[in-house]
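This report describes one protein chain, part by part. Look at the sequence and the structure first, then read on.

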Amino acid sequence: MVLYFSATGNTEFIAKEIARRLDDECLNLIERIKKDDHTELSSDKPFVICTPVYVCELPRFLRKYLNQQVFLGSRDIYFIFTSGGYAGISGPMAKKIVRKKKMNYLGHAEFTMPRNYVASDMYDMLGEEEITNRIRTAYGKIPEVVSCIKNRQMLKARHVFFFEKVITVPFNPVWTKIKQPAKDFFANESCIGCGKCVSLCPLNNIELKDKKPVWKNPCAHCMACIGNCPVEAIEYGNITQKKEKYNFAKYKKVISKEDQSHSDNSKTSDSETSSSS
């Protein structure tokens, strides 16, 4: 079973592609997270948990959710991380969660995806060429990861050094408290009051007042609200007004039918080779 949380589509894309190639169920965790629903999940196949990386770690709300979730059936778990290029200490964090459940951590894979974090003037949004390159490179990595999962092999990623943990563990909570307030979010006059931002907030911290969204703390800065607004009415202070709001759906077309056909043919060829060897 492939499980995922995705704010602006990067992780959803990877999760669904992995599930499709594994011929496995794919479950979006957003509603379960919002409702604090920890109904038991059961799978005969390994669990594959796909998640973005926030401030060098697993998202805090997702970490809390997974710690409380009960998994039945298979005792094997893989993790898939999507990030702007650095997954930080997400691997060790995931391993700790799995071991507490007395399950088997079979490693993780890291996918570098287009940056979606528009709410900071420290980061420039990527150009179309770089976005396209990242998506196509990530897509090309999926067959290798799927092959490992099918064969119950360990996924191997870079070594996380001790100094990374020493720096990140105290840094993350301070950064999120100081640099990620919700008060700077607002909806401009283009807002149509559709409530999509309310439905997508994993922390249930957005509500409509007079048909306009209002944000409350704490905020995960996941960018689900700003990246999925159908009329791009949501802004963050004066930082985002001249930036493109990233959503994977705008770039999905870069994975052409020819790419998918080639990938599927390669998958079939690999399967036949394995069968004959």
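## An exposed loop residue

Ala249 counts as exposed, because its relative accessibility is 60%. For such labels, buried means under 20% relative accessible area, exposed means over 50%, and partly exposed lies in between, with a 1.4 Å probe and protein chains only. Ala249 sits in the loop between β11 (234-236) and α9 (257-276). Helices (H or I, at least four residues) and strands (E, at least two) are DSSP runs, numbered from the N terminus. Although Ala249 and Gly9 are 240 residues apart in sequence, their C-alpha atoms are 6.8 Å apart in space.

## About the model

This is a predicted model, in which local features need pLDDT of at least 70 and side-chain atom pairs count only at pLDDT 80 or more, while totals for chains, interfaces and linings use all residues. Residues are numbered from 1 along each chain as its sequence is written, and side-chain values use heavy atoms, with hydrogens and water left out.

## The chain as a whole

The protein chain has nine helices and 11 strands. Its C-alpha atoms fill a box of roughly 65 × 45 × 35 Å along the principal axes. The radius of gyration is 19 Å, which agrees with the value near 19 Å for a compact globule of 277 residues. This radius is taken over C-alpha atoms, and the globule rule is 2.2 Å times the number of residues to the power 0.38.

Of the 277 residues, 51% count as buried. The accessible surface comes to about 14200 Å², and 52% of that surface belongs to carbon and sulfur atoms. These areas come from the Shrake-Rupley method with a 1.4 Å probe; for residues, only the protein chains shown count as cover. Of the contacts between residues at least 6 apart in sequence, 76% join residues at least 24 apart. A contact means heavy atoms within 4.5 Å.

## Buried residues and their neighbours

Is Phe111 buried or exposed? Phe111 counts as buried, because its relative accessibility is 1%. Phe111 lies in strand β7 (residues 104-112). Leaving out residues up to four places away in sequence, Phe111 touches several others, among them Ile14, Ile80, Phe81, Ala138, Ile142 and Val145. The C-alpha atoms of Phe111 and Asn247 are separated by 16 Å, and the two residues are 136 apart along the chain.

Helix α3 (residues 60-68) has Phe61, Leu62, Arg63, Tyr65 and Leu66 as its buried residues. These residues pack against α2 (30-34), β4 (47-52), β5 (71-73), β6 (76-83) and α4 (90-100).

## Salt bridges

Side chains of opposite charge can pair when their charged atoms come close. The structure holds 11 salt bridges. A salt bridge is a side-chain nitrogen of Lys or Arg within 4 Å of a carboxyl oxygen of Asp or Glu. Arg20 and Glu17 form one, at 3.0 Å from N to O. Both residues lie in helix α1 (residues 10-22), where being three residues apart separates them by about one helical turn. Arg20 is partly exposed at 36% relative accessible area, whereas Glu17 is buried at 9%. Glu17, Arg20 and Arg21 are linked in a network of salt bridges.

Glu130 and Arg134 form another salt bridge, with the closest N and O atoms 2.9 Å apart. Both lie in helix α5, four residues apart, which is about one turn of the helix. Glu130 is partly exposed at 33%, and Arg134 is buried at 14%. Asp76 and Arg152 also meet in a salt bridge, at 3.4 Å from N to O. Asp76 lies in strand β6 and Arg152 in the loop between α5 (128-150) and α6 (162-179), so this pair ties together parts that are 76 residues apart in sequence. Asp76 counts as buried at 14% relative accessibility, and Arg152 as partly exposed at 42%.

## Backbone details

The peptide bond from Asn217 to Pro218 is cis, with omega near -5 degrees. Pro218 lies in the loop between β10 (212-215) and α8 (224-228). Met223 also lies in the loop between β10 and α8. Met223 is not a glycine, yet its phi is positive, at about 75 degrees. Met223 is buried, with a relative accessible area of 1%.

Cys56, in the loop between β4 and α3, is another residue other than glycine with a positive phi, near 70 degrees.
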